[in-house]
Amino acid sequence: MLNKFLPRIYNIKFWILAFFLIILISSYIYIQEIKQKIYLYSHHNNQINKLIELNSYINDFVNQKIGLVVFDDIATKINSFETILEYLIDDGKINELDKSYINKLTNIQKIYSNKKLQIERLKSSKAFAYNALTYISDNNDLGYLALNNDNRKRIDFIKLKFANLSFGGDDLTQIKNEIDSLQSLGIEDKYIKNFIKVSNALLSYYSQINLAMHRLNNIDIDSNLKNVKDYLTQVM
Amino acid sequence: MRCYLNNMLHILFGLYIVFFSSLSFAYENIIIPIPQTLEYDKAKATLGEKLFFDTILSKDNTISCFSCHNIFTNGADTKKVSTGINNQSGITNVPTLFNAIFNFRQNWNGSAKTLANQAKGPITNPIEMGHNFKELISILEQSSYNQEFKMIFGDGITEDNLVDVLAEFQKRLITPNSQLDKYLMGDENALTQDQKDGYELFKSKGCISCHNGINIGGQLYSRFGMIKLINNENFGLYNVTKEEEDRFYFKVPSLRNVELTPPYFHDGSADNLFSAVEIMLRYQVGRDTSSKEILKIVEFLKSLNGEIAYVK
């Protein structure tokens, strides 16, 4: 009789054991997956922190006053931002991270591509503006030194206006008017003609700087990055 | 009233001094010497070197990277535009590969972000090598390259692996120890007096505002003719962005080894350095400069020739 039931009991035990084994293995796999996801999200979180730092560095550059700039560093930072973002999107796709997270990153990528273009324009205009200002401020230029008193006063007045512009005391239109009135005098002097040419070009690049700054101020990468960071914190 | 006006003038003059003196920058560290070597993956670079000289990369097996980039002389050629397969002429002057690793983007219009991206261009360009990657990879797989790629990459020959090895090789194409680099590192006698004068002019005439950093250029775009537009059939960055504001903007080229890379500009329109400097001073920075001064700047530019690390 007992012999008849034993195989059945063993059979039940086997199934119970198998059931627990499956539960155990599934839990292990599940925990490993969770661990892997946490690791991935935490890694992504670190990279997002890097992006926030880079973005802040780039913003500082944007708001810098006109001066001589070695562009190596800013160019590296701009490329790094792009590279990290591309990596996060690819890595997110490969590891099948949440779609809404990848969409957020893709959205930042689109915004950043516009920001990058504006910064490149700003870099060119700032480089030219620095160059033109050094010419305008050069009081040792032989052409400037050769000017008669009246003409030198006229030039000095415009130089002063350009200096005042950076302190918010004059605007581009006022300076443009001064340059136009100097030009209307028709003075036949090589230095004055060139001074007018460079000043006009400078005004036009100042306008481009203002335009690029205006556009850049309307591009908000920072809050998008913080939004992604908040999202990652919630997921983790 | 007169006293008030006088005070105002003094204040304004003060502002003037403060503003313009803030422009004058200590020029130290504005040009950075090229390092002696760069770290690179030796196995990849060796394979890249082999491919670099191999005409297998072109559709009709006639053109290699070396055909347009002579890395024993100047990293480019000395033609206005280079010749591709079927004797077709290129559309822009070939930029040197020397120190290209330090450029913020590659190509005159900045269309390639990295050296690897750049390498894809000539291989598939119908007037350069005229190949397509699918066919090229299949040809390479029938050759000894198959085994060589497999030893480095698990997935063998792919488009990305192919340009990766070419890019890795280019890390060897740097030119340290130019006279200027030696001067910047403290050797007072590395420059002649004319070169020193030329360097001062290079700074005071404003060339330095775009040509600075490790590559003395290569870090930004600039309009070709900032003061006055120079006749131009190539639209530069516009061809990449399709935005009107970017028309005629080009990547500022590196000035390293510039003496060795005539003709100049994206279209090779200036035959010699004197004429290139003259055009730049007039149209780009808006300075009237005497021939004597231009000659000194040219002398300074000659001090930018470095030693070819690859040949060493």
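**Cores and contacts in a two-chain model**

Good morning. The largest nonpolar core of this structure holds 80 residues, and those touching the most other members are A:Ala129, A:Ala132, B:Val277, B:Ile297 and B:Leu301. The greatest contribution to this core, 13 residues, comes from helix α3 of chain A, which spans residues 99-137. Please keep in mind throughout that this is a predicted model.

Let us look at one member of the core in detail. Which residues does A:Ala129 touch, leaving aside those up to four places away in sequence? They are A:Ile66, A:Leu202, A:Tyr205, A:Tyr206 and A:Ile209. Another core lies apart from the largest one; it has 35 residues, including B:Ala116, B:Phe149, B:Leu162 and B:Ala167.

I turn now to the contact between the chains. Chain A supplies 31 residues to it, and chain B supplies 31 residues. On the side of chain A that touches chain B, the elements giving two or more residues are α2 (72-94), α3, α5 (149-166) and α7 (190-217) of chain A. Helix α3(A) provides the largest share of that side, with 13 residues. How do the residues of this side divide by class? There are 15 nonpolar, nine polar and seven charged residues on the side of chain A that touches chain B.

Next, I consider chain B on its own. Its domain assignment gives domain 1, covering 42-170, and domain 2, covering 175-302. Taken over C-alpha atoms, the centres of these two domains of chain B are separated by 27 Å. Where the domains meet, 20 residues of domain 1 of chain B are in contact with 25 residues of domain 2 of chain B. The side belonging to domain 1 of chain B comprises seven nonpolar, 11 polar and two charged residues.

My last topic is a pair of helices in chain B. Helix α9 (residues 193-204) of chain B packs with helix α12 (residues 291-302) of chain B at an angle of about 105 degrees, and their axes are 7 Å apart. Angles of 65 to 115 degrees count as roughly perpendicular, so α9(B) is roughly perpendicular to α12(B).

Which residues meet in this pair? From α9(B) come B:Asp194, B:Gln195, B:Asp197, B:Gly198, B:Tyr199, B:Leu201 and B:Phe202. From α12(B) come B:Glu293, B:Lys296, B:Ile297, B:Glu299 and B:Phe300. By class, the contact of α9(B) with α12(B) has five nonpolar, two polar and five charged residues. One of these residues, B:Ile297 of α12(B), was named at the outset among the residues that touch the most other members of the largest nonpolar core.

Thank you for your attention.

Methods:
Residues numbered from 1 in each chain as written. Chains lettered and ligands numbered in written order. Predicted model: local features only at pLDDT ≥ 70, side-chain atom pairs only at ≥ 80, totals over all residues. Core = buried A, V, L, I, M, F, W, Y, C linked by C-beta atoms within 7 Å. Buried ≥ 20, exposed ≤ 12 C-beta atoms within 10 Å, placed from the backbone. Helix = DSSP H or I, 4+ residues; strand = E, 2+ residues; numbered from the N terminus. Contact = placed C-beta atoms within 7 Å. Nonpolar A, V, L, I, M, F, W, Y, C, P; charged D, E, K, R; others polar. Domains from an automatic or database assignment. Axes fitted to C-alpha atoms, helices over the stretch in contact; angles between N-to-C directions. Parallel < 35°, antiparallel > 145°, perpendicular 65-115°, else oblique.
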